[in-house]
Amino acid sequence: MTHFPVEKIRLDFPILEEKIRNKPLVYLDNAASCQKPNAVIDTISHVYRHDYANVHRGVHTLSVRSTDKFESAREKIRAFINADSTKEIIITKGTTESINLVAQTYGKANLKPGDEILITAMEHHSNIVPWQMLCEQTGAILKVAPINQQGELIVTEFEKLLGDKTRLVAVVHMSNALGTINPVKNIIDLAHSRSIPVLLDGAQAIPHMAVDVQALDCDFYAFSGHKLYGPSGVGILYGKRALLEAMPPYQGGGDMIRKVTFEETEYNSLPYKFEAGTPSIADVIGLGAAIEYLNDIGMDAIAAYEAELLNYATEKAKQIKGLRIIGEAAEKGAILSFVLDRIHPHDIGTMLDSLGVAIRAGHHCAMPVMDFYEVPATARASFAMYNTQQEIDVLMNGIESLIEVFG
Amino acid sequence: MFDDLRDLYQEVIFDHNRNPRNFRVMDNADRKVEGFNPLCGDRLTLYLKMSGDVIEDASFQGSGCAISTASVSLMTEIIKGKTEAEAEALFKTFHEMTTGKDEAIQLEAVGKLAVLAGVREYPARVKCATLAWHTLDAALKNEQKSISTE
């Protein structure tokens with residue numbers, strides 16, 4: 001293993017000291033949500049103890065201080081994904097709201113009956129349902145590019161589905177159910193050569209790799225704070241400025257206006273046009289702290305370490321008789337989805353929990369993926385930078401033991 | 001290794017999971033209802049053959065976890081020969097046992113079903129045990145539609 005300061009990192013996450021059913025916690029449900037470092041917990045606590053007031057409102061000292069910290073977090077987020085301007089960083093509740101925002105503003109304004117939206121067969125429900133709703137509202141049609149048995153997008157089929165009627169491509173950067181990392185640069189180039197904008201669902205990708213929205217040239221990038229070691233309830237929508245400028249606002253309310261009379265309302269400029277109401281102030285500042293923390297470690301170092309963890313886990317898993325890995329893409333992030341012969345994922349989940357091991361069992365909000373593999377559900381171990389090979393050993397020993405018990 | 005789980009995964013449950021009883025399609029069924037737990041994907045079809053208000057025969061098909069498979073397997077055994085009213089009463093007792101609303105419940109009243117009492121310590125798994133019974137409830141009320149635990 002390359003040197004990665006995992007033991008030092010673990011000390012920054014107080015919850016990793018928890019005992020679950022009298023056993024040390026082995027937290028392998030990171031794809032659902034990551035745990036939080038002291039840097040985030042302490043920052044949020046500090047905001048409420050010392051810096052809290054509403055933002056963009058008052059002339060008083062605390063409001064100014066709170067606004068400064070809030071806007072400085074937005075700048076950290078901008079730099080983290082290398083956006084051109086903080087005007088392109090819209091603060092939302094999470095990836096789901098970010099995608100719904102694009103559907104209900106850009107989508108509603110631009111789609112006509114018969115127009116097409118192209119997604120893939122490996123999308124999370126949050127990158128399916130908002131488009132289905134939009135299709136119902138506009139008469140547009142949802143098209144789905146297929147995947148192969150390894151869980152990879154079939155790019156040639158995807159390209160065939162890009163047609164004269166395609167108005168938007170919405171693709172997951174990294175699949176939460178399979179771990180597949182999509183060839184997003186290639187996808188974006190193919191779409192752009194036909195002048196079709198591309199939204200990337202980055203919820204899973206963002207904690208596992210360096211993301212540069214300008215290098216990718218994506219038009220929208222959506223992600224959540226809670227999967228990035230930050231607080232829940234905060235997410236980001238990156239959008240290219242020209243697109244955002246042309247889009248109608250999302251929700252109406254305070255902060256998103258410049259001037260209101262009963263006759264008409266003038267909307268605020270970017271990014272505030274899309275940020276109606278008081279945001280989750282302390283949590284946004286907490287997300288900024290998470291990003292600073294990650295920058296100190298380095299996303300490339302994290303990606304390299306997690307790749308080693310995944311390889312180790314995959315090798316071990318392949319040695320277990322009766323275990324089938326779901327999702328074996330060549331390009332894959334730190335997710336190991338699997339099923340066992342004759343043992344339901346929920347039984348696997350409960351049995352591993354009794355050993356202190358937290359995994360996810362279910363359809364992972366990707367029911368069409370389950371249908372594709374003809375399984376009702378999978379068990380999923382998903383890794384983060386604070387996980388260790390020893391923890392993977394606990395997981396694998398647990399799986400072998402429960403296979404024995406089930407007989 | 002799994003000592004903590006002995007109350008939940010009793011040997012009877014493993015047995016019914018490995019060899020589910022009455023696991024077959026019933027061609028001449030009077031009632032047929034599908035049960036679905038969208039959370040975990042458990043899916044079952046329950047068949048009843050009635051003779052007046054007596055359940056003459058019961059069988060099922062489907063796939064689910066060990067708890068839900070054992071629960072439906074045990075249920076099809078125990079409801080055979082019971083009247084609709086008796087089966088409904090059993091459903092209520094079973095529901096109380098698994099949701100832990102009545103700590104003092106008489107386990108004798110549910111007979112073999114007592115092996116499923118352990119789920120009440122695992123709130124995430126209660127629906128696995130009760131899916132079969134909600135499906136039965138719908139069948140007894142003659143609701144010819146799919147039922148869902150959600």
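A search of the whole structure, which is a predicted model, turns up one cavity of 30 Å³ or more. By cavity we mean a set of points, on a 1 Å grid over the protein atoms alone, where a 1.4 Å probe fits but cannot get out. Local features need pLDDT of at least 70 and side-chain atom pairs count only at pLDDT 80 or more, while totals for chains, interfaces and linings use all residues. Residues are numbered from 1 along each chain as its sequence is written, chains are lettered from A and ligands numbered from 1 in the order in which they are written, and side-chain values use heavy atoms, leaving out hydrogens and water.

**The cavity**
- The largest cavity holds about 50 Å³ of space, a volume being the space filled by probe spheres set on grid points joined across faces, edges and corners.
- Its lining (residues with an atom within 4 Å of a point) includes Asp42(B), Arg43(B), Phe60(B) and Leu131(B).
- At least two lining residues each come from β2 (42–51), β3 (54–63) and α2 of chain B; helices (H or I, at least four residues) and strands (E, at least two) are DSSP runs numbered from the N terminus.
- By class, this lining has four nonpolar, five polar and two charged residues; Ala, Val, Leu, Ile, Met, Phe, Trp, Tyr, Cys and Pro count as nonpolar, Asp, Glu, Lys and Arg as charged, and the others, Gly among them, as polar.

**The pocket**
- The largest pocket (an open set with protein on both sides within 12 Å along at least five of seven lines) has a volume of about 470 Å³.
- Of its 26 lining residues, Asp341(A), Arg342(A), Ile343(A), His344(A) and Gly64(B) lie nearest the centre.
- Elements giving two or more residues to this lining are β14 (335–340) and α12 (345–353) of chain A, along with α1, β3 and α2 of chain B.
- The largest share, three residues, is from α1(B).

**The interface**
- Chain B puts 21 residues in contact (heavy atoms within 4.5 Å) with 22 residues of chain A.
- About 1800 Å² is buried between chain B and chain A, with 61% of that area from carbon and sulfur atoms; buried area is the accessible area (1.4 Å probe) that two parts lose on being put together, summed over both.
- There are two salt bridges between the chains, each a side-chain nitrogen of Lys or Arg within 4 Å of a carboxyl oxygen of Asp or Glu.
- One salt bridge joins Asp347(A) and Arg125(B) at 2.9 Å, N to O.
- On the side of chain B that touches chain A, α1 (11–18) and α2 (66–79) of chain B each give two or more residues, and α1(B) gives the most, with three.
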